[in-house]
Amino acid sequence: MIKPSDYSRIILSSTPFDPGKEARNLFIEMYLDEKRYSDWVRYHFSAKDCPLKRDFEEEAKAMGDYYYDVFYLGKPHPRESGMIDLDLLREASENVPKFKVDPASSRPVMGIDWGFARSATGITIVQKVDDVFRVLYSEQFKGSTPEALSDTIKSLAEAYNVVRIYCDAENKSENMRLKSLGLPVIPRSFRSHKTRWQINLRSLFESRRILIPEEFIDLKLQLMRYDWNTKGNDDLVDSLMLALLEDTKSASSESILVYSSKFRSTRFRKFF
C-alpha cells in the first residue's frame with residue numbers, strides 16, 4: 001500500500017511489445033486503453049532520442065510498420081501472431097550459450113538463402129546433437145561482392161566442417177560458383193517445398209528439439225515476426241529451414257496431405 005500523498009506515484013515500466021506473459025499483457029492493455037485506465041500518464045521513448053540509433057531509422061522502417069513502431073519508436077503494441085509461439089522461442093533461446101561443434105555427433109549442415117538486389121544473404125549452420133538441433137552460426141551478409149561472399153562461405157564450411165550446404169535454388173549462378181570451389185552444394189526450391197519446411201520448423205519448436213543461442217538476436221527477431229506468408233526480412237529463417245533439411249522425421253511426406261487431400265487428418269490440425 002502507498003500512503004495517500006500529493007507526491008505518491010506508481011510507475012509501471014515494460015518493453016513495448018507483448019512477450020506472452022500475463023503481467024506484460026496487462027501492461028500493454030493499460031497503455032492502449034486510455035479510457036478505462038484514464039488515471040495513468042503514458043510515456044514512451046523513441047530511438048530518435050538516442051544519437052546512436054538515429055542512422056538506423058530507414059532500416060527499421062524496412063521491417064514493417066509493426067516493428068518500426070515497437071523497436072524504433074518504442075510504442076507499445078500487442079504482439080502480431082506468428083508461426084512460432086513466442087513462449088516456445090523464448091524457451092529455445094533463454095540462457096542458451098553459443099555452441100561449439102561437437103566432434104562426437106553428426107557433422108554440421110549449412111543453409112544459404114541468397115539475397116537479391118538490396119536484400120541480405122542469410123547463412124545458418126546447424127548441428128544435430130542427441131536428437132536436438134543446435135544453431136551454431138547465424139549471420140546476414142549485405143553488400144559483399146559475389147567473390148568475397150563465396151570465399152566467406154568456403155571459410156565457414158571448412159571451419160565448421162559442414163557435410164552439406166543446402167542453398168536456395170533461385171540463384172543458379174552463385175550455386176555454380178560454390179560448386180566450382182568444391183563445396184557440397186545441394187540446391188532446393190522454396191516454391192515446391194516451403195510449406196513443408198515451415199511445418200518442420202514449427203514442429204521442432206513444439207517438440208523442444210531446437211536450441212538457439214541468446215546472442216543470435218537477428219535470427220530471433222525474424223522468427224518473432226515470421227508467419228506462414230512472410231516475404232522479406234526472412235533470410236535467416238529461410239536459411240535455418242534449409243539447414244534443417246537433413247531431418248525429415250518431423251516433416252514426413254504425410255504432411256503434404258494437409259494441402260493435397262480433401263481428407264484432413266486431425267493429427268495435422270495443430271499446425272493451422
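## The open sheet

In this predicted model, six strands come together as an open sheet with mixed pairing. Reading across the sheet, the order is E5-E4-E1-E2-E3-E6. The two ends of that order are the edge strands, E5 (185-188) and E6 (210-211), and each of them pairs on one side only.

Strand E1 covers residues 109-113 and strand E2 covers residues 121-129; the two run antiparallel to each other and are joined over five bridges.

Which residues make the nonpolar surface patch of about 440 Å²? They are Val41, Tyr43 and Phe45. To find Val41, follow the loop between helix H1 (22-32) and helix H2 (57-61). Val41 has a relative accessible area of 60%, so it counts as exposed, the cut-off for that class being over 50%.

Ile11 sits in the segment before H1. Is Ile11 buried or exposed? Its relative accessibility is 74%, and therefore Ile11 is classed as exposed.

Ile11 also makes a handy reference point for Trp40: 29 residues separate the two in sequence, while their C-alpha atoms are 9.2 Å apart in space.

How values were computed:
Residues numbered from 1 in each chain as written. Predicted model: local features only at pLDDT ≥ 70, side-chain atom pairs only at ≥ 80, totals over all residues. Heavy atoms only, no water. Pairing = 2+ DSSP bridges. Helix = DSSP H or I, 4+ residues; strand = E, 2+ residues; numbered from the N terminus. Patch = residues over 30% accessible without salt bridge, like charges linked within 9 Å, V, L, I, M, F, W, Y side chains within 5 Å. Areas by Shrake-Rupley, 256 points an atom, 1.4 Å probe, with all protein chains shown as cover. Salt bridge = Lys/Arg side-chain N within 4 Å of Asp/Glu carboxyl O. Buried < 20%, exposed > 50% of the residue type's maximum accessible area, 1.4 Å probe, protein only.
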